[in-house]
Amino acid sequence: MTLLTVDDLVVEHRTPGRPLVRAVAGASLTVAAGEVVGLVGESGCGKSTLARAVCGLNPAASGTITFDGHPVTPLGLRRRNRALAGIQMVFQDPYASLNPRRRVGAQIADGLRTAGDTVTAPADLLERVGLPRDFAGRHPHEFSGGQRQRIAIARALAARPTMLIGDEPISALDASAQAQVARLMRDLAVESGAGLLFISHDLSVVRLIADRIAVMYLGKIVEVGRTAEVWADPRHPYTRALLGAIPAPDGAGVLPAELSGDVPDPADPPSGCRFHPRCPVAMDVCREREPTFGPVACWLHEPA
Amino acid sequence: MSLLAISDLKVSIGGKEILRGVDLDLRAGRVHGLAGESGSGKTMTGLAVLGLLPHGARTSGRIALGERDLLAMPAKELNTVRGGEVAMVFQDPATSLHPMLSVGRQLTEHMRHHLGLDRKQARARALELLGQVRIPGPEAAIDRYPHQFSGGMRQRIAIAIALACSPKVLIADEPTTALDVTVQAGVLRLLRGLCDDLGLAVLLVTHDLGVMSAVADEVSVMKEGLVVETGPRGQVLRDPTHPYTRALLESLPGETS
């Protein structure tokens with residue numbers, strides 16, 4: 001059952017004195033209940049903006065986001081629509097997302113109140129994320145990055161989400177804590193039957209936990225597929241470049257393939273296919289027309 | 001020939017032993033990888049070489065740069081080595097570069113100090129360095145500020161700064177961890193190329209065994225302040241003898257495991 005549908009979403013950032021930036025330029029994506037979708041791409045490709053739009057933190061310029069049959073509206077000063085409280089987010093930096101002046105138990109209790117849950121204690125949630133119960137009375141500064149992120153996850157889970165969103169939840173953590181926290185998020189989401197949209201630039205972690213992978217480039221989703229299939233047979237040249245750039249720990253001393261050039265300025269995207277200036281197999285048609293089909297948005301893989 | 005030899009290096013901070021007798025040997029033109037999980041003392045080993053350990057750290061052992069022992073060196077003399085003969089590249093170029101100084105200023109300041117160049121010579125050398133690390137349009141780039149560059153370009157600039165005084169030893173602490181994989185590939189190629197062309201001895205600190213496998217010639221694995229295994233790349237990564245190295249390799253996702 002599809003829980004979250006993002007359809008042809010466009011999100012624009014306006015800064016005075018700067019040209020309009022289309023951070024998300026027509027992206028479509030679905031997440032089903034109990035499914036883990038990994039969204040990957042280079043920094044600046046718009047994946048975080050997409051996540052924020054799903055939570056209502058960035059307004060959509062066009063396109064729609066539907067959650068469980070309800071349209072997602074931007075957050076305002078008024079109370080958030082109850083139905084949308086089922087979407088909860090875990091942010092990138094646990095040093096910034098927890099309130100330093102409140103005990104972590106009180107912050108988790110906020111989530112419980114949202115869900116109208118009077119039975120569960122904050123300590124129960126700490127236990128679920130693998131932390132001791134008595135941590136509830138402490139303040140965030142007493143914890144390491146990995147522990148803080150677990151607390152942030154506990155807080156998100158307290159609101160009984162049916163859709164959990166992780167916006168680079170592991171990139172601020174130590175290497176050894178990354179895989180652990182990612183696995184924890186997956187287990188907790190799947191266990192409670194919620195969907196998980198996991199955003200990361202670290203492909204090796206996404207591969208570990210995602211059922212499906214969506215690859216994003218310059219505001220567009222260029223390839224979607226089952227994780228194992230995408231990994232074994234990447235079809236879009238960008239996905240190939242992305243996977244080819246991961247060095248293998250085989251001791252052979254092979255330098256990974258380099259993708260030439262930088263990500264173009266999203267305020268001034270190239271004509272035609274957005275990837276063509278960096279694409280090793282670009283054809284004439286790529287410079288002129290943009291591939292708008294899926295699941296692989298590339299002229300080499302045009303559906304018949 | 002060994003350029004930098006660390007022997008029986010012990011570091012303790014606040015009564016806690018961080019390093020418990022580390023031995024490493026860096027040779028010219030070779031990349032020596034230092035692996036291990038966080039808290040194993042990889043970064044501390046790198047910092048000890050430059051005398052950048054936190055205040056109150058007690059050290060023993062020997063870090064020999066040629067004939068001289070860096071640990072026993074007076075602070076003044078160490079200042080001439082640090083940034084001159086031994087240079088460092090840090091993890092996050094967003095924080096290791098000064099946000100309010102132009103790239104040119106950051107590239108020339110230590111050159112003028114260490115090498116005694118005048119402004120013109122330093123600028124010429126800075127332009128040459130920016131070209132060497134493949135920054136497009138060095139003439140325009142030199143007057144820009146760090147925020148005007150992407151993460152990969154910033155790390156290239158940080159490498160250029162480290163190379164400015166023609167060091168013999170380069171310590172790179174997780175130089176690609178903050179970068180995207182596609183950008184990482186470019187920076188790794190650059191590091192490898194510079195090591196080969198300039199005969200640098202590179203100590204590459206990283207937790208990523210893939211990165212290690214791509215550029216390192218020798219690999220050392222650290223655990224709890226000790227080097228548990230050292231050897232040529234192919235041997236350590238394909239046929240590890242220490243159970244901890246094996247566990248590290250097995251914990252990786254992939255077809256090989």
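Here are some worked exercises on a predicted two-chain model, one topic at a time.

Residues are numbered from 1 along each chain as its sequence is written, while chains are lettered from A and ligands numbered from 1 in the order in which they are written. Since the model is predicted, local features need pLDDT of at least 70 and side-chain atom pairs count only at pLDDT 80 or more, whereas totals for chains, interfaces and linings use all residues.

**Exercise 1. Work out how compact chain A is, given its radius of gyration and its 304 residues.**

Step 1: start with the inventory. Chain A has 10 helices and 10 strands; these are DSSP runs numbered from the N terminus, with helices being H or I of at least four residues and strands being E of at least two.

Step 2: compare with the rule. The radius of gyration is taken over C-alpha atoms, and the globule rule is 2.2 Å times the number of residues to the power 0.38. Chain A comes out at 20 Å, close to the 19 Å from the rule for 304 residues, so it is as compact as a globular protein of that length.

Step 3: fill in the picture. Along the principal axes, the C-alpha atoms of chain A fill a box of roughly 60 × 50 × 40 Å. Of its 304 residues, 50% count as buried. Here, buried takes 20 or more other C-beta atoms within 10 Å of a residue's own, exposed takes 12 or fewer, and partly exposed is in between, with C-beta atoms placed from the backbone.

**Exercise 2. Describe how helix 3 of chain A packs on helix 5 of chain A.**

Step 1: get the geometry. Helix 3 and helix 5 (residues 145–158) of chain A pack at an angle of about 20 degrees, their axes 7 Å apart. Axes are lines fitted to C-alpha atoms, for helices over the stretch in contact, and angles run from 0 to 180 degrees between N-to-C directions.

Step 2: classify it. That angle makes helix 3 of chain A roughly parallel to helix 5 of chain A; under 35 degrees counts as roughly parallel, over 145 as roughly antiparallel, 65 to 115 as roughly perpendicular and the rest as oblique.

Step 3: list the residues. Helix 3 of chain A brings residues including A:Ile108 and A:Leu112, and among those they meet in helix 5 of chain A are A:Ile151 and A:Ala158. By class, this contact has 8 nonpolar, 2 polar and 1 charged residues. Ala, Val, Leu, Ile, Met, Phe, Trp, Tyr, Cys and Pro count as nonpolar, Asp, Glu, Lys and Arg as charged, and the others, Gly among them, as polar.

**Exercise 3. Is A:Leu112 buried or exposed?**

Step 1: A:Leu112 lies in helix 3 (residues 104–115) of chain A.

Step 2: count. A:Leu112 has 21 other C-beta atoms within 10 Å, so it is buried.

Step 3: find the partners. Leaving out residues up to four places away in sequence, A:Leu112 touches A:Asp117, A:Thr120, A:Pro122 and A:Ala158.

**Exercise 4. Track helix 8 of chain B through its contacts.**

Step 1: helix 7 (residues 151–163) of chain B packs on helix 8 of chain B at an angle of about 15 degrees, with axes 9 Å apart. The two are therefore roughly parallel.

Step 2: turn to the interface. The contact takes 29 residues from chain B and 28 residues from chain A. Helix 8 of chain B gives the most to chain B's side, with 8 residues.

Step 3: sort by class. The side of chain B that touches chain A has 12 nonpolar, 11 polar and 6 charged residues.

**Exercise 5. Which value does phi of A:Asp68 take?**

Step 1: phi of A:Asp68 is near 55 degrees, a positive value in a residue other than glycine.

Step 2: A:Asp68 sits in the loop between strand 4 (62–67) and strand 5 (70–71) of chain A.

Step 3: with 18 other C-beta atoms within 10 Å, A:Asp68 is partly exposed.

Notes:
Contact = placed C-beta atoms within 7 Å.
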